[in-house]
Amino acid sequence: MAKDLQQVVERAVAQVLDRQLPKLQAELVERVLAELPAVAAGGSGGGGASSEGLVHAISSVHAGTTQKEILRALLDAGTSYAARVALFVVKAGTASGWQARGFSEDEAIKDFPLDMSSGPGAHAYQNRVAAPANIAEMDRRFVKQFGGPENEQILVLPLVLKDKVAALLYADGGAENRLDPASLEVLVMATSAWLEVVSLRKQAAQKEMESAPAMERPAPPETPTAPVHTVSAFNDPFASHTPKHIAKPEPEPEPEPAAEVVEVASSASAASAAAAPAADPFAGMSAEDADTHRKAQRFARLLVDEIKLYNQAKVNEGRRNKDLYDRLKEDIEKSRSTYQKRYGSTAAASGDYFQKEVVRSLAEDDLSVMGASFKK
């Protein structure tokens, strides 16, 4: 009886989810754009793209129904906001090239091993935030093979799925100095969200198939098959791509994947559970307040990262001469005003996240480099 009830519930949930997906797609676009109102108002990066163009780019990503289609659409749309873009798949802390657009040798990106020990790649991966940088900070082998942009400014963005960095998007302005960091970040956020929606759709379809009456199910094959891995709560769209330069463990018997996506084995979930959970600084808050605090933190990081991206020389000089605030006062206060308008009257106001991010990111936690004019 309990099993029959479970099947009825699973079938009902799958049907509701399938009906709600078109509505969810439209809502994702609205929510992502709402996260960055400055971009929605007309673009704040070097590309100056309109919100209409950004919505069109996100729609092209959402038109994809498989992981490959979605990621290709991300790269194609990314060329509207950067002269050169490349996607690196991350496995076990190692990044491997997948595809690129705008390079003189796009094919050379495939399986290129990106150094993750330092630089913007490591920063984006470890902190799960956009990492603007100078090309001099990038992997030397990458720069030697592919060169750098005219203005030397680059951006590395993490594609985060279920709190895990599954890929890194590299972008620069090339010879045209065409780079719009804010629009690229919105595009990557929308891509991450849509990959998760597609994953949920596949899971719902699979559950509906499993819960169908026996007479409606296809007959099982007569030949014996290998045991199927336990399906986790989340599909890894990059599981089928294993970087060639990663040392592979002893092979174990595995089933031949029937579809493009290979499900994450249950051992991955066990490994995650074994890791010690990080303390949640918002544990004592309501779910709504905690969400506001997290959004405020992300918005502060975005604003400060933009300051760094467009003022790299001033940042370096300010740190050396310990007068960073004087050199960047106009940019800092303009961004502070933007932050205050959005979060100054919310539950996150007490966190003072913009000030903390200025000290953490611009001053590298050294208040002395900000200078005497900076108010603590």
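Trainee: How many helices and strands make up the secondary structure of the protein?

Mentor: This is a predicted model, in which local features need pLDDT of at least 70 and side-chain atom pairs pLDDT 80 or more, while totals for chains, interfaces and linings use all residues. Residues are numbered from 1 along each chain as its sequence is written, and side-chain values use heavy atoms, leaving out hydrogens and water. Helices (H or I, at least four residues) and strands (E, at least two) are DSSP runs, numbered from the N terminus. On that basis the protein has 12 helices and 6 strands.

Trainee: What percentage of the 376 residues counts as buried?

Mentor: Buried means under 20% relative accessible area, exposed over 50%, and partly exposed in between (1.4 Å probe, protein chains only). Of the 376 residues, the buried share is 42%.

Trainee: Among contacts between residues at least 6 apart in sequence, what share joins residues at least 24 apart?

Mentor: Contact means heavy atoms within 4.5 Å. Among the contacts between residues at least 6 apart, the share joining residues at least 24 apart is 69%.

Trainee: Within what arc do the buried residues of H3 fall?

Mentor: Helix H3 covers residues 51–62, and its buried residues are Leu 54, Ala 57, Ile 58, Val 61 and His 62. The arc is taken over the directions from the helix axis to the C-beta atoms. These buried residues line one face of H3, because seen down its axis they fall within an arc of 140°.

Trainee: Which exposed residues does the face of H3 turned away from its buried side carry?

Mentor: An α-helix has 3.6 residues a turn, so residues three or four places apart point the same way. On the face of H3 turned away from the buried side, the exposed residues are Glu 52 and His 56.

Trainee: Are H3 and H4 roughly parallel or roughly antiparallel to each other?

Mentor: Axes are lines fitted to C-alpha atoms, for helices over the stretch in contact, and angles run from 0 to 180 degrees between N-to-C directions. The axes of H3 and H4 (residues 67–78) come within 8 Å and cross at roughly 160°. Angles under 35 degrees count as roughly parallel, over 145 as roughly antiparallel, 65 to 115 as roughly perpendicular and the rest as oblique. The two helices, H3 and H4, are therefore roughly antiparallel.

Trainee: Which residues in H4 do Ala 57, Ser 60 and Val 61 in H3 meet?

Mentor: Ala 57 and Val 61 are also among the buried residues of H3. Together with Ser 60, they meet Ile 70, Ala 73, Leu 74 and Ala 77.

Trainee: At what angle do H9 and H12 pack?

Mentor: Helix H9 spans residues 287–310 and helix H12 spans residues 353–362, with their axes 9 Å apart. The angle between H9 and H12 is about 45°. That makes H9, relative to H12, oblique. Among the residues of H9 in this contact are Ala 296 and Leu 303, and the angle asked for is about 45°.

Trainee: How many of the 10 residues of H12 are buried?

Mentor: The buried residues of H12 include Tyr 353, Phe 354 and Leu 362, and their cover includes H9, H10 (312–321) and H11 (324–343). H12 is largely enclosed by the rest of the structure, because its buried residues number 8 of the 10.

Technical notes:
The expected span of a helix is 1.5 Å times one less than its number of residues.
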